[in-house]
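Biologist: I have a model open and want a quick tour. Can you walk me through the packing and the surface?

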Amino acid sequence: MGDPSSSMEAEPSRPTPPPPPTPSLSLVQPSTKKKNKHARVFRIFRNVFRSFPIMTPVCKLPSIPGGILTDSRSVAGSRITGTLFGYRKGRVSLSIQENPKTLPTLVVELAIQTNVLQKEMSLGMVRIALESEKRPDKDKTKLLEEPLWTMYCNGKKSGYGVKREATEEDLNVMEVLKAVSMGVGVLPGKSEAEGPDGEMAYMRAYFERVVGSKDSETLYMLSPDGNNGPELSIFFVRIG
């Protein structure tokens, strides 16, 4: 009598489905030409008062001294594209672009989880402050080139924001969203988690960029819903 196991054939293993194709990168370099500042002064000045932070004793948020507006070539123009994105239980990243079709000029990994930020945004108002130490006058490091920031969200210290180079995944997200100027949604992510935890959530909007000084800048989100939408302001400031 033969061994019954000899007549049993092992089931062939199922091939692993190939990953979805990565979109080819077509984002272009941001403009380096200096735009006319004076043509936009009135519109920027109109937004200065909306951009004042809520002052709290917990952190020193920046103010706009005397309505001084200066030009910076790191982002051409005063209206920029900002994208907040991340996995639900991962940290949120902030990408700043001249417009949706250009490569990011700045990527900062923020000290807050995506689901936590979504809850804060649902309350209607979020103020994020990113602080770094003031540098000596001879130091020419630009404000948005600082590598590390102490972060506060609505006056509460949440950790440290870190400036980093755009990763391949960052660039893929910007490529997929190239046709999106404003909106929120989810994208299929590369995380091993299943369900909502494996999706990449994003929020994209235009931001008004107000430069107070070489040590103070504010990004004020322009809500597509007008005054009925959530308010988000991001402050970059050097103190000390």
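**Aromatic pair and packing**

Modeller: The structure holds 1 aromatic pair. To count, ring centres of Phe, Tyr or Trp (its six-membered ring) must lie within 6.5 Å; planes under 30 degrees apart are stacked, over 60 edge-to-face, the rest tilted. This is a predicted model: local features need pLDDT of at least 70, side-chain atom pairs need pLDDT 80 or more, and totals for chains, interfaces and linings use all residues. Numbering starts from 1 along each chain as its sequence is written, and side-chain values use heavy atoms, leaving out hydrogens and water.

Biologist: Which residues form the aromatic pair?

Modeller: Tryptophan 149 and phenylalanine 236, edge-to-face. The centres are 5.3 Å apart, with 75 degrees between the planes. The pair links distant parts of the chain: tryptophan 149 is in strand β5, phenylalanine 236 in strand β10 (residues 231-239), 87 residues apart. Strands (E, at least two residues) and helices (H or I, at least four) are DSSP runs, numbered from the N terminus.

Biologist: Are tryptophan 149 and phenylalanine 236 buried or exposed?

Modeller: Both are buried. Buried is under 20% relative accessible area, exposed over 50%, partly exposed in between (1.4 Å probe, protein chains only).

Biologist: How many residues are in the largest nonpolar core?

Modeller: It has 28. Leu110, Ile128, Leu232, Ile234 and Phe236 have the most contacts inside it. Strand β3 (residues 106-113) gives the largest share, 5 residues. A separate core has 11 residues, including Leu103 and Met200. A nonpolar core joins buried Ala, Val, Leu, Ile, Met, Phe, Trp, Tyr and Cys residues through side-chain atoms within 4.5 Å.

Biologist: What does isoleucine 128 touch?

Modeller: Leaving out residues up to four places away in sequence, its partners include Leu110, Leu117, Met151, Leu232 and Ile234. Contact means heavy atoms within 4.5 Å.

Biologist: And where is serine 132 found?

Modeller: In strand β4 (residues 125-133). Serine 132 counts as buried because its relative accessibility is 6%. Beyond four places in sequence, serine 132 touches Glu146, Leu148, Trp149, Val237, Arg238 and Ile239.

Biologist: Switching to helices. Which residues of α3 are buried?

Modeller: In helix α3 (residues 168-176), they are Asp170, Leu171, Asn172, Val173, Met174 and Glu175. The buried residues of α3 pack against β1 (79-87), β2 (91-97), β3, β7 (183-188) and β8 (199-213).

Biologist: How many helices and strands does the protein have?

Modeller: There are 3 helices and 10 strands. Of the 240 residues, 42% count as buried. Among contacts with a separation of 6 or more, 60% join residues 24 or more positions apart.

Biologist: Now the surface. Which residues form a nonpolar patch there?

Modeller: Leu148, Tyr160 and Val162, with about 270 Å² of accessible area together. Nonpolar side chains (Val, Leu, Ile, Met, Phe, Trp, Tyr) are joined within 5 Å, like charges within 9 Å. Areas come from the Shrake-Rupley method with a 1.4 Å probe; for residues, only the protein chains shown count as cover.

Biologist: Why does leucine 148 count as partly exposed?

Modeller: Because its relative accessibility is 45%. Leucine 148 lies in strand β5 (residues 148-153).

Biologist: Last one. What is phi of asparagine 154?

Modeller: Near 50 degrees, a positive value in a residue other than glycine. Most residues other than glycine have a negative phi. Asparagine 154 sits in the loop between β5 and β6 (156-163).

Conventions. Patches are made of residues with over 30% relative accessible area and no salt bridge: like charges are joined within 9 Å, nonpolar side chains (Val, Leu, Ile, Met, Phe, Trp, Tyr) within 5 Å. A salt bridge is a side-chain nitrogen of Lys or Arg within 4 Å of a carboxyl oxygen of Asp or Glu.
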